[in-house]
Structures are given as C-alpha cells and as structure tokens.
Amino acid sequence: MPPLSADQPLREDDAEFIWLLAECRQLGASVVGMERVLRVFGQSVRRCVDTMRDLFRGEVEEPMLNAGLSYHHLFEVAATKRLALQRIGFRMLFLLQRRMLEEAVFDNIVGRLQDALREHGLEPGDEDSLPAVAPTFPASRA
C-alpha cells in the first residue's frame, strides 16, 4: 500500500484500518505480531488479487478482444462483469478464510484442552489404548 502522506486526506478505509490495528493492540496483539500477520495477509491478498486480475484478463477480456470487440466497447461491457466477479471473489475469499479459521481455532482449543489435562496429570495413553468412537449403522437388508 502507498505510504500515508500529510498532504493527502486520510481515506476512509485507511482510517478503518488504523482503528482495527488499535483494536488488535487493545486485545493484546503486539506490534511485532501484527506486522507479521499483516505481512502475510498482504502477500496472500496480493497473490489473490493478481490471480483474479489474470483470470479476468485471460478469460473475460481476451476472448472479447479476440472476437473483434474494440477497447472502447470492451471497457463498457467488461465493467459489469468485473464488478460481479469482484463481488463473487470477495465472498469466496471470505468463506474460505472463515472455514480455515474455524478449523484452526478448533485445533487450538483441542490442543489447549489437552495441555490443561496434562497439567492436571490426566495424560491420555498411547493411541492404541484410546477408545474408538464410531457411529453405528443399521444392518442393511439384503
């Protein structure tokens, strides 16, 4: 992202971004930790955006240009498709992130519970001695 400048007014999304950073700090995230997270977010989002752009250019714009559409007409026609695909891309990215985060949070909670049990001397045995849990299915009729 471009650096902030005292000569330019603060964009609304920049102000929200700064507010969100402050909220993370209030919740206990360190500056170093936030820098690391934002670096990874930035690199990942950049790759997503570049890939979305390449998909649009290669699979939406190029076929129209190859069919003889002028650039002027391309810009008119592509605008609607671009906005629709952006909305879909944003939503898909959100859904994928939410699903992955749910899994990571669950794994973390399970790990912390296991740590707490170990701390209280309740170590599980080896995997062979753990009880198995499996659903029962009714017998099939032949």
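Analyst: Residues are classed here by relative accessible area: buried is under 20%, exposed is over 50%, and partly exposed lies in between (1.4 Å probe, protein chains only). The model is predicted, so local features need pLDDT of at least 70 and side-chain atom pairs count only at pLDDT 80 or more, while totals for chains, interfaces and linings use all residues. Residues are numbered from 1 along each chain as its sequence is written, and side-chain values use heavy atoms, with hydrogens and water left out.

First, the setting. The protein chain has three helices and zero strands, in the order α-α-α along the sequence. Helices (H or I, at least four residues) and strands (E, at least two) are DSSP runs, numbered from the N terminus. Of the 142 residues in the protein chain, 6% are buried.

Now the salt bridges. The term covers a side-chain nitrogen of Lys or Arg within 4 Å of a carboxyl oxygen of Asp or Glu. Side chains of opposite charge can pair when their charged atoms come close. By this rule there are six salt bridges.

One of them joins arginine 11 and aspartate 13, with an N to O distance of 2.6 Å. Arginine 11 is exposed, at a relative accessible area of 53%, whereas aspartate 13 is partly exposed at 38%.

Helix 2, residues 31–66, holds both arginine 46 and aspartate 50. The closest N and O atoms of the salt bridge between aspartate 50 and arginine 46 are 3.5 Å apart. These two residues are four positions apart, about one turn of the helix. Aspartate 50 is partly exposed, with 24% relative accessibility. The pair also belongs to a network of salt bridges that links Arg46, Asp50, Arg53 and Asp54.

In helix 3, residues 71–119, arginine 118 and aspartate 115 are three residues apart, which puts about one helical turn between them. Their side chains form a salt bridge at 3.3 Å, N to O. Both ends are partly exposed: arginine 118 has a relative accessible area of 35%, and aspartate 115 has 39%.

To place these pairs against the whole surface, the protein chain exposes about 13000 Å², of which carbon and sulfur atoms supply 60%. Accessible areas come from the Shrake-Rupley method with a 1.4 Å probe, and for residues only the protein chains shown count as cover.
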